[in-house]
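Please open the model in your viewer and keep a selection panel at hand.

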Amino acid sequence: MTPHVVLFDIDGTLLSTDGAGRRAMEYAMTTTYGVPGVDGYRYDGKTDRQIVREQLRALGHDDAWIDDGLERVIARYLERLPLELEATRAAHVVHRGVVALLDALAREPRTIVGLLTGNVEPGARAKLEATGIGRSRFVVGAFGSDHEVRAELPAIAQARAEALLGRPVAGEALVIIGDTPADMTCGAAIGARAIGVTTGRFTHDALAAHAPVAVFDALDDVPAVTAAILGHR
Ligand SMILES: [Mg+2]
């Protein structure tokens, strides 16, 4: 039987870094484009390039100008991120139950575990290493460095799971776990399932509105989350 491919969002789902990513991005945007972004703009649920583009468009800039700086802004973000992570280390949070769930899924023969995140891959790695979760336990994934549009990421993760396993992986075998409506909806086109968790900004109802298979307040009820992943509900 093809295993379930469990794909975790990072920020607000596995961990929170007290705004380190945001401050690194504001620094990178300031030094690249001369502006830190838009007051009150929300980063959650967005890919890194989308975060740059949407804010600069809102400030009236065109895509040619944005694209001209895009590789530079991501490079500066990645240079700055370790400093911001170090400065906020005491305030980092690994959300309740995350490590126990990841450990349980690693022992579960019916699952493989990966990432589906708007972070560019080196940024994802930096956050996972800084918080002690580590990068190596995630064997597949799709990242903000693979595509600017989150809804394109599940098919990329699916293709990588197929390459890893050496056989077809149906869309329904993918389970995307995240804290935003964008996580709940991004896999719809390929039939992926979603599980919501309210450790980010969004409420139970805001996530449940997008028809995930379950919404949890945290991932600490490992048997219940595992049952939702495996579909035994
Ligand atoms: Mg998130």
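Which residue just after α2 takes a positive phi? Select G60, whose phi is about 95°. Before going further, note that this is a predicted model, in which local features need pLDDT of at least 70 and side-chain atom pairs count only at pLDDT 80 or more, while totals for chains, interfaces and linings use all residues. Residues are numbered from 1 along each chain as its sequence is written.

Now select helix α2 itself, residues 48-58, and colour D48, R49, I51, V52, Q55 and L56, which are its buried residues (buried: 20 or more other C-beta atoms within 10 Å of the residue's own; exposed: 12 or fewer; partly exposed: in between; C-beta atoms are placed from the backbone). Looking down the axis of α2, you will find these buried residues within an arc of 160°, so they line one face of the helix; the arc is that of the directions from the helix axis to the C-beta atoms. Helices (H or I, at least four residues) and strands (E, at least two) are DSSP runs, numbered from the N terminus.

Zoom out to the whole protein, which has nine helices and eight strands and whose C-alpha trace spans about 50 × 35 × 35 Å along its principal axes. Buried residues make up 43% of its 233 residues.

Next, colour by domain, with bounds from an automatic or database domain assignment: domain 1 is 4-17 + 92-230, and domain 2 is 20-89. Their C-alpha centres lie 23 Å apart, and the contact takes 21 residues from domain 1 and 17 residues from domain 2 (two residues are in contact if their C-beta atoms, placed from the backbone, lie within 7 Å). On the side of domain 1 that touches domain 2, α5 (121-130) and α7 (181-185) each supply at least two residues, and α5 gives the largest share, five residues.

Finally, select α4, residues 98-107, where V98, L101, L102 and L105 are buried. Seen down the axis of α4, these residues fall within an arc of 100°, so they line one face of the helix. Turn to the other side of α4 to find D103 and R107, which are exposed. To see what covers the buried residues of α4, show β1 (4-8), β3 (93-94), β4 (111-116) and α9 (222-230), which are included in that cover.
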